[in-house]
Amino acid sequence: MDNSDERKAAEKKALRKSLLEQRLNLPDRLQRADALQQVMRIWLVGRPDVVIGAYWPIKGEFDPLPALHRWKEDGELVDQPQLRRIGLPVVDKVHKTMTFHAWYPGCPMEEDAYGIPKPKDTEVIVPTLLFAPCVGYGPGGYRLGYGGGFYDRMLATLEPKPFTVGLGFGTGFVEDFEPEAHDLPLDAILNDYGVVWPV
Ligand SMILES: Nc1nc2c(c(=O)[nH]1)N(C=O)[C@@H](CNc1ccc(C(=O)N[C@@H](CCC(=O)O)C(=O)O)cc1)CN2
Ligand SMILES: Nc1ncnc2c1ncn2[C@@H]1O[C@H](COP(=O)(O)OP(=O)(O)OP(=O)(O)O)[C@@H](O)[C@H]1O
């Protein structure tokens, strides 16, 4: 790691801390979450995907599951009904890998190695579309996560690559965000104001 990588990593860490604090104290989270749910539902209309990967919200993250559950139900009403499926991440702390397991409302859950709820004993599914939670995001579609590198590592190995969509509140936008060499840009970013990437 050269000097500039070390600097970027340190900056990311400080940024993560302040953005997380800000997100936990959002005064208008409900209104913002409502707006983002609508943005998601509209954005999903016309997408060909049948399997979508998402996440169980933690630390003040936006909850994508209500909008996705409605997307799943809408799938039963289209011309050629397909069984739409939603998956949640299951991480392997030792190998630092992440896979997706089927989830449905009321699905039995258990905690993963980081204390995040994950589906208990449901089948592995392979999403063609992935909603990734953003602590922050910057120009060019770059995402700041919790520092585990799970998304970047998974995307570096998956073939074909799923279409990746970052979700975050408008307050997570960082104008001068500097990505590191391993950071892969997202294909799209949605926030409570609408589609903010690609611009
Ligand atoms: N809701 C949700 N679920 C998710 C993710 C997510 O971002 N959101 N993940 C997306 O990847 C995976 C879990 N990612 C994680 C990444 C880092 C740490 C973690 O322990 N981080 C250290 C700090 C690391 C650092 O700052 O250098 C810690 O909290 O102590 C935990 C989980 C899978 N599930
Ligand atoms: N493609 C990769 N191959 C190997 N290691 C990687 C790769 N991508 C990321 N990493 C490792 O993961 C660490 C954390 O990455 P980064 O800070 O980008 O995580 P993040 O995207 O914020 O976290 P997360 O995806 O878990 O929410 C990096 O310092 C790096 O060592």
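Student: Which exposed residues does the face of H2 turned away from its buried side carry?

Tutor: This is a predicted model. In it, that face carries Gln31 and Asp34, both exposed.

Student: Which residues of H2 are buried?

Tutor: Start with the general idea. An α-helix has 3.6 residues a turn, so residues three or four places apart point the same way. Now the case here. Ala33, Leu36 and Met40 are buried in H2. Down the helix axis, the buried residues of H2 fall within an arc of 65°, so they line one face.

Student: How many residues does H2 have, and how far does it reach?

Tutor: H2 covers residues 29–44, which is 16 residues. From first C-alpha to last it reaches 22 Å, close to the 22 Å expected at 1.5 Å a residue. Just after H2, Gly46 has a positive phi of about 90°.

Student: How many helices and strands are in the protein chain?

Tutor: Four helices and twelve strands. The radius of gyration is 17 Å, close to the 16 Å the globule rule gives for 199 residues, so the chain is as compact as a globular protein of that length. Of those 199 residues, 27% count as buried.

Student: How many residues surround ligand 1?

Tutor: 18, with Tyr55, Tyr146, Gly147, Gly148 and Phe150 the closest. By class, the shell has 13 nonpolar, three polar and two charged residues. Strand E2 (85–92) and helix H4 (150–157) each supply at least two residues of that shell.

Methods. Residues numbered from 1 in each chain as written. Chains lettered and ligands numbered in written order. Predicted model: local features only at pLDDT ≥ 70, side-chain atom pairs only at ≥ 80, totals over all residues. Rg over C-alpha atoms; globule rule 2.2 N^0.38 Å. Buried ≥ 20, exposed ≤ 12 C-beta atoms within 10 Å, placed from the backbone. Near = placed C-beta within 6 Å. Nonpolar A, V, L, I, M, F, W, Y, C, P; charged D, E, K, R; others polar. Expected span 1.5 Å × (residues − 1). Arc of directions from axis to C-beta.
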